[in-house]
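This briefing goes through a few local features of one protein model. Look at the sequence and the structure first, then read the points below.

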Amino acid sequence: QEIAIREYFDKIIENPYKSFLHFAEIERSRYLPKIYLATANFNPNTGGDGSVAHFNTTTTWATARDAAAGTDFHIDISCGRSNLGGIFYYHIDRASMPYNTSSLGSGAVVTAGTHAIYITIAQDDINDGYDYWNVVQTTIADPTAIVLEDFDQFGTTKGSTNRDITGLAVDTTYTDTLNATGFGWISVTGWTKLGMRFGHDIDNVDPTSGNNNNLVRIDWGAN
C-alpha cells in the first residue's frame, strides 16, 4: 500500500496538468485513484429547535446574558432593551438547531459545511457593528427537547462569518458558510448541535440604545 501511495504522488508530480484533469473528472487516468465526494442535507430536530430567551425580567445586562436559565421560549434571535412602564429591561433570544447527522457514518470526512435559515422579520434598531448573527455550537442536554435551562449552553466561538442584518430582505433564505471551526462541529456519528446568537450577546457588548431591539424571526418550518 505504501508503494502504491508513493506511486500516486510520483505521477502527480510528474504531470500536474494530467493530475488536474483526472481529479476534476475531465480526463481519467488509470494511474491515479478515484476520489468520491458527496453532499448531504439535514433539517433540525423539531423538538430541539427553537429559541430560548431571557426576556424582560432584569435591568442589568450581565444578569440577563449570564443567566443559568431562560424565562420563555420564542421563535427569534434577538438582543436589546425594552421600555416597560419607564423601566428598561434586557432581552436575549438564542436559537437552537440540533441536527442528527449520524447517517454520515464513521468513515466520512467533513471538508465543508453551510447553515441556512429562512427569515420573515428583520429589525435593526441598533446599527452599531454588533448587529449581526453568527453560528455557534451548543451543549444542550437533549437535542430532541429544548428546555429553559439550555439558555447557558450556547458557546461564543464563531462558526461562520458575521452576517450583518442591516438591510436584509425578509421572506428570504440566508446561507452561511461554516469556517473550519464550524464544520469541525459536524458529528459523523451523532448529533451536530448548532445555535445562533446576535453580536451584542456573543461579544458581551451592552446594547444600551434605549428602547431598541435587534431581531430576526425565523420560519422554522422552512429551514
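In strand 2, S51 has H74 as its bridge partner. The model is predicted: local features need pLDDT of at least 70, side-chain atom pairs count only at pLDDT 80 or more, and totals for chains, interfaces and linings use all residues. Residues are numbered from 1 along each chain as its sequence is written, and side-chain values use heavy atoms, with hydrogens and water left out. Helices (H or I, at least four residues) and strands (E, at least two) are DSSP runs, numbered from the N terminus.

**Strand 1 and its partners**

- Strand 1 and strand 2 (residues 72-74) run antiparallel and are joined by 3 bridges; two strands pair if DSSP finds at least two bridges between them.
- Strand 1 also pairs with strand 4 (residues 87-100), in the antiparallel sense, over 6 bridges.
- The bridge partner of V52 in strand 4 is R94.
- Strand 1 spans residues 50-55 and is largely enclosed by the rest of the structure, because 5 of its 6 residues are buried. Buried means under 20% relative accessible area, exposed means over 50%, and partly exposed lies in between (1.4 Å probe, protein chains only).

**Two asparagines with positive phi**

- Most residues other than glycine have a negative phi.
- N56 is not a glycine, yet has a positive phi of about 50 degrees. N56 sits in the loop between strand 1 and helix 3 (61-65) and is buried, with a relative accessible area of 17%.
- N204 is not a glycine either, and has a positive phi of about 60 degrees. N204 is found in the loop between helix 5 (199-203) and strand 10 (213-218).
- Is N204 buried or partly exposed? With a relative accessible area of 43%, N204 is partly exposed.

**H200 in helix 5**

- H200 is part of helix 5 and counts as buried, at 0% relative accessibility.
- Apart from neighbours within four places in sequence, H200 is in contact (heavy atoms within 4.5 Å) with residues including W61, D128, D131, D206 and N214.

**The largest nonpolar core**

- A nonpolar core is a set of buried Ala, Val, Leu, Ile, Met, Phe, Trp, Tyr and Cys residues joined through side-chain atoms within 4.5 Å.
- The largest nonpolar core has 31 residues, and those touching the most other members are I77, M97, I117, I119, W133, M196 and F198.
- Elements that give two or more residues to this core include helix 3, strand 3 (76-84), strand 5 (114-124) and strand 9 (191-198).
- Strand 4 gives the most to this core, with 5 residues.
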